[in-house]
Amino acid sequence: MAQPNTNLCLGAANASIPAAAGIGLRSPHYRDALASPAKPAWLEVHSENYFGAGGAPLRILESLRRDYPLSLHGVGMSLGSADSLDWRHLRQLQQLIDRFEPALVSEHLSWSAFGGRYLNDLAPLAYTESALDEWGRRVSQAQDFLSRQLLLENPSSYLQFECGDYSEAEFLSQLARRSGCGILLDVNNLYLSCQNHGWDALDYLLSLDAERIAEFHLAGHSRNRVGTSFILIDSHNGPVAEPVWQLFRMVLQLVGSRPTLIEWDADLPDWQTLVGQAARADRYLRQSYVQAA
């Protein structure tokens, strides 16, 4: 197996990520990210796409890391599973962290594997006291292994358990306090869950431990008919919707500025469109900073 080159980050961009807008990098935009004069403040990539021992994606990410602060966002750790932690996955993530020295490393408040079988979705969990104990233990184990803090993202949800001791915001805040993890607040997911379940976004935000929030995500969504009603799906296949921009501005008033990512994973637009979305997020972040001064 090829050994990671630990010298790669010599001369790399500052590891810290500013409270400005970044872009979720996908392979069709490699050339633009390398050569375009229009550059976002930072980049985020899906960790699992770079678990290989070599190849073009790793070489390109090495080049980009010299110019951009970087965040690693995972979708495969399955922290909410009843299985034991996937130590192979954690070792691969640790190698990637050692190699690229990201400023932020994040995962989801969900599970996606059971009994060696893997789902192509991030499944929900019941927000019970026993689940909180188990989550606290598993997140602490993962952070101890990686020797760094993880951020956990609020999921987009379409179903709810009838049982539960906490709201989602209360569960996430308690988990952060017990384990020391941070919170990645996906504003699009918050909007979707509120619309799908009739939650109040302001109540959710007031129940969330704002001090623990270290990153925001913004993305597009789709609206699917189910029988005679509609459900919103976290499809990441379009621009950020106007109601999500409005919610983002409310989040900034309540929480303050944080590093903010534009995610777009399907029906990808050109690089300039992504930069334009990031510029709009930057405008709101600057307004928030001025209002807070």
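Guide: Start with the residue classes. Ala, Val, Leu, Ile, Met, Phe, Trp, Tyr, Cys and Pro count as nonpolar; Asp, Glu, Lys and Arg count as charged; the others, Gly among them, count as polar. By that scheme, the lining of the largest pocket holds 13 nonpolar, 14 polar and seven charged residues.

This is a predicted model: local features need pLDDT of at least 70, side-chain atom pairs count only at pLDDT 80 or more, and totals for chains, interfaces and linings use all residues. Residues are numbered from 1 along each chain as its sequence is written, and side-chain values use heavy atoms, with hydrogens and water left out.

A pocket is an open set of points on a 1 Å grid over the protein atoms alone, where a 1.4 Å probe fits, with protein on both sides within 12 Å along at least five of seven lines. Lining residues have an atom within 4 Å of a point. Volume is the space filled by probe spheres set on the points, which are joined across faces, edges and corners. The largest pocket holds about 930 Å³. Its lining counts 34 residues. Nearest the centre lie Val-75, Asn-120, Asp-121, Leu-122 and Asp-234.

Helices (H or I, at least four residues) and strands (E, at least two) are DSSP runs, numbered from the N terminus. Strand 6 (117–123) gives the largest share of the lining, six residues. Helix 3 (87–100) supplies at least two.

Buried means under 20% relative accessible area, exposed over 50%, partly exposed in between (1.4 Å probe, protein chains only). In helix 2 (residues 56–65), the buried residues are Leu-58, Leu-61, Glu-62, Leu-64 and Arg-65. Viewed down the helix axis, they fall within an arc of 165°, so they line one face of helix 2. The arc is taken over directions from the axis to the C-beta atoms.

Glu-101 is not a glycine, yet has a positive phi of about 45°. Most residues other than glycine have a negative phi. Glu-101 is partly exposed, at 41% relative accessible area.

Last, confidence. pLDDT is the predictor's confidence in each residue, from 0 to 100. The chain mean is 92, and 95% of residues reach 70 or more. Over residues 1–10 the pLDDT is below 50.

Technical notes: Contact means heavy atoms within 4.5 Å.
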